Amino acid sequence: MGTVTPCTTEHPMEPTAREREILDLIWAGLTTQDIAPQLGITTKTVESHRANLMRKFRASNVAQLLRVALSKGILQVNPSSRTNKPSRRFDSPR
């Protein structure tokens, strides 16, 4: 028998280019319904990519997915993207 050649050289735990795109949009705060038309794909396809990401990162929800992606250095906090608006202060009712 011959040698087995992988169909991709990408590490299986790394997100694909499309998964990375979707992860970035989730990080930006977009919903599945927002992401689908922006990328020209169906919401079902977005959900499939999101499910693959959660499986790869062993996350049970989106917050955990983002936390793991941050800790692995896949996502980064960009301090320059923060607005210079004063933070809102929530006072107790009077």
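Predicted model: local features only at pLDDT ≥ 70, side-chain atom pairs only at ≥ 80, totals over all residues.
Helices here are DSSP runs of H or I of at least four residues, numbered from the N terminus. Residues are numbered from 1 along each chain as its sequence is written. Local features need pLDDT of at least 70 and side-chain atom pairs count only at pLDDT 80 or more, while totals for chains, interfaces and linings use all residues, and side-chain values use heavy atoms, without hydrogens and water.

Next, colour the buried residues of α3 (under 20% relative accessible area, with exposed over 50% and partly exposed in between, for a 1.4 Å probe and protein chains only), which are Val-46, His-49, Arg-50, Leu-53, Met-54 and Lys-56. They lie on the same side of α3, because they cover an arc of only 165° around the axis, taken from the directions from the helix axis to the C-beta atoms. The face turned away from them carries exposed Lys-44 and Arg-55.

Then show α1 (17-27), α2 (32-39) and α4 (62-71), which are among what covers the buried residues of α3, by contact of heavy atoms within 4.5 Å.

Finally, select Lys-56 and Glu-19, both buried, whose side chains meet in a salt bridge at 2.7 Å, N to O (a side-chain nitrogen of Lys or Arg within 4 Å of a carboxyl oxygen of Asp or Glu). This pair links α3 with α1 across 37 residues of chain.

How values were computed. Helix = DSSP H or I, 4+ residues; strand = E, 2+ residues; numbered from the N terminus.
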